[in-house]
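Me: I would like to go through a protein model by question and answer. Please show it first.

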Amino acid sequence: MVKSMKLGRLNHVGVATPSIADSVRFYRDVMGAEVIREPFDLPAQGVKVCFVDTPNSQIELIEPLGEGSPIHGFLAKNPAGGQHHLCYEVPDIHEAKAWFEAKGAKVLGEPRIGAHGTLIFFVHPKDMGGVLTEIMETPREGH
Ligand code: CO
């Protein structure tokens with residue numbers, strides 16, 4: 001019996017960019033962002049990421065890392081960058097995966113460690129109203 005989906009908070013909005021450095025300047029100087037985290041590489045996902053805090057969520061800036069990065073294709077279609085995905089939290093990643101699969105949605109790969117150090121997976125936009133969707137297990141207290 002598959003447990004029903006428990007939609008948690010919007011954790012972040014993923015924004016692809018050809019240059020995290022340029023985007024950081026934009027969010028700081030134009031948008032007035034005050035808390036911008038240190039960029040870091042996620043080699044397993046072929047991306048470099050940088051989180052910009054907003055009062056109720058975060059923007060995840062994503063730059064391609066390496067030749068095989070999945071972001072190259074996105075930037076080929078959107079050279080200036082653009083909105084790439086939304087990320088929602090769930091209390092249990094495996095229950096959420098079973099739920100989406102039971103609904104016939106295309107889950108892209110097995111749950112893996114994401115940019116916040118908790119398990120994530122992506123669901124194909126064709127089953128999500130056109131939105132590439134990241135599902136992320138809510139970080140536990142003290143994480
Ligand atoms: Co993300």
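Me: Is Y27 buried or exposed?
Reply: The model is predicted: local features need pLDDT of at least 70, side-chain atom pairs count only at pLDDT 80 or more, and totals for chains, interfaces and linings use all residues. Residues are numbered from 1 along each chain as its sequence is written, and side-chain values use heavy atoms, with hydrogens and water left out. A residue is buried under 20% relative accessible area, exposed over 50% and partly exposed in between (1.4 Å probe, protein chains only). Y27 has a relative accessibility of 14%, so Y27 is buried.

Me: Which residue forms an aromatic pair with Y27, and of what kind is the pair?
Reply: Rings of Phe, Tyr and Trp (its six-membered ring) pair if their centres lie within 6.5 Å; planes under 30 degrees apart count as stacked, over 60 as edge-to-face and the rest as tilted. By this rule there are two aromatic pairs. In one of them the centres are 5.2 Å apart and the planes are at 85°, so by the rule for planes the partner and kind are F26, edge-to-face.

Me: Is F26 buried or partly exposed?
Reply: The relative accessible area of F26 is 38%. This value lies between the limits of 20% and 50%, so F26 is partly exposed.

Me: How many residues apart in sequence are the parts tied together by F100 and F121?
Reply: F100 and F121 form an edge-to-face pair, 6.3 Å centre to centre with 75° between the planes. Helices (H or I, at least four residues) and strands (E, at least two) are DSSP runs, numbered from the N terminus. F100 is in helix α3 (residues 93-102) and F121 in strand β7 (residues 119-123), so the distance in sequence is 21 residues.

Me: What are the relative accessibilities of F100 and F121?
Reply: F100 counts as buried because its relative accessibility is 10%. F121 counts as buried too, and its value is 0%.

Me: Which residues does I59 touch beyond four places in sequence?
Reply: I59 is found in strand β4 and is buried, with a relative accessible area of 14%. Contact means heavy atoms within 4.5 Å. Not counting residues up to four places away in sequence, the residues touched by I59 are V13, V15, Y27, C50, F51, V52 and T54.

Me: Which backbone oxygen lies 3.2 Å from a polar atom of the S57 side chain?
Reply: S57 lies in the loop between β3 and β4 and counts as buried at 11% relative accessibility. Among the residues that S57 touches, leaving out those up to four places away, are R9 and H12. The backbone oxygen at 3.2 Å belongs to L10.

Me: Which residues coordinate the cobalt ion?
Reply: Donors are N, O and S atoms within 2.8 Å of the metal (3.2 Å for Na, K and Ca); water is not among the atoms, so sites may look incomplete. In sequence the donor residues are spaced H-x47-E-x24-H-x48-E. At 2.0 to 2.1 Å, the donors come from H12 (NE2), E60 (OE), H85 (NE2) and E134 (OE).

Me: What is the arrangement of the four donor atoms around the cobalt ion?
Reply: Four donors count as tetrahedral if all angles lie between 85 and 135 degrees; four count as square planar and six as octahedral if opposite donors are over 155 degrees apart and all others between 65 and 115; anything else is irregular. Here the angles run from 88 to 175°, so the arrangement is irregular.

Methods:
A polar contact is a pair of N or O atoms within 3.5 Å; within protein, one must be able to donate a hydrogen and the other to accept it, and residues adjacent in sequence count only if both atoms are side-chain atoms.
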